[in-house]
Amino acid sequence: MFTGIVTDLGTVRTLEHRGDLRARIATGYDTDGIDMGASIACNGVCLTVVGLGEDWFDVDISAETVSKTNVGDWAEGSRLNLERALKVGDELGGHIVSGHVDGVAEVVAVRDEGDSTRVTFRAPEALAKFIAPKGSVALNGTSLTVNEVEGRDFGVNFIPHTKEVTTWGGVAVGDRINLEIDTLARYVARLQEWG
């Protein structure tokens with residue numbers, strides 16, 4: 001489990017196709033404190049550490065994960081939002097995030113509003129019903145509040161701090177973004193189906 005509060009910006013060093021996709025990710029984390037088999041959210045995708053070095057970790061990514069996320073867009077040099085798994089007693093500053101991406105949204109508009117940036121995303125049709133104004137979503141692993149919703153489109157405001165400490169400072173129209181809907185929204189919708 002994660003909180004959607006990004007704690008490091010990683011960089012893809014290498015990508016190697018060999019059965020699964022192996023990615024080596026440079027990190028500022030103290031890798032002496034990372035165990036083999038640990039979970040790290042990489043742009044919101046919960047991945048398992050399979051190799052460690054002084055300033056990097058390796059993850060294997062299945063074809064299923066590549067097909068359901070934006071991992072297929074990664075290239076050497078790509079910047080990634082990173083978050084270590086939640087520990088008992090950690091501050092829950094965002095919302096509960098599983099790291100299981102539900103689908104890929106597309107950036108359809110970007111506009112500055114003062115020092116902040118308003119970004120409009122288009123959700124996949126099957127996920128749009130789970131997104132509500134003032135609700136939470138995880139986008140590329142970042143816990144965010146939805147400002148407005150119109151059909152499949154929804155808007156999020158990025159303050160300067162978020163743009164500085166995550167990959168959101170470089171967002172552009174056409175970007176494909178990992179979307180994880182709020183767990184609570186998923187269960188409320190499921191309960192209504194049985195109501």
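**Charges, burial and aromatic pairs in a predicted model**

Trainee: How many positive and negative side chains does the protein chain have?

Mentor: The protein chain carries 18 positive and 30 negative side chains, and the centres of the two sets are 4 Å apart. Lys and Arg count as positive, Asp and Glu as negative, while His and the chain ends are not counted. The place of a charge is NZ of Lys, CZ of Arg, CG of Asp or CD of Glu. This is a predicted model, in which local features need pLDDT of at least 70 and side-chain atom pairs count only at pLDDT 80 or more, whereas totals for chains, interfaces and linings use all residues. Residues are numbered from 1 along each chain as its sequence is written, and side-chain values use heavy atoms, with hydrogens and water left out.

Trainee: What makes the radius of gyration agree with that of a compact globule?

Mentor: The rule, taken over C-alpha atoms, is 2.2 Å times the number of residues to the power 0.38. For 195 residues a compact globule would have a value near 16 Å; the protein chain has 16 Å, so the two agree. The C-alpha trace spans about 45 × 45 × 35 Å along its principal axes.

Trainee: Why is F121 called buried?

Mentor: Buried means under 20% relative accessible area, exposed over 50%, and partly exposed in between, with a 1.4 Å probe and protein chains only. F121 has a relative accessible area of 0%, and is therefore buried. W168, at 3%, is buried because its value also falls under the cut-off. Buried residues make up 44% of the 195 residues in the protein chain.

Trainee: Why is the pair of F121 and F154 called stacked?

Mentor: Rings of Phe, Tyr and Trp (its six-membered ring) pair if their centres lie within 6.5 Å; planes under 30 degrees apart count as stacked, over 60 as edge-to-face and the rest as tilted. F121 and F154 lie 5.4 Å centre to centre with 25° between the planes, so the pair is stacked. F121 belongs to strand 8 (residues 116-122) and F154 to strand 12 (residues 153-158), so the pair ties together parts 33 residues apart in sequence. Strands here are DSSP runs (E, at least two residues) and helices likewise (H or I, at least four), numbered from the N terminus.

Trainee: What makes the pair of F121 and W168 edge-to-face?

Mentor: Its centres are 5.8 Å apart and its planes stand at 90°, so the pair is edge-to-face. W168 sits in the loop between helix 3 (160-165) and strand 13 (176-181), so this pair with F121 ties together parts 47 residues apart in sequence. Ring pairs link F121, F154, F158 and W168 into a cluster.
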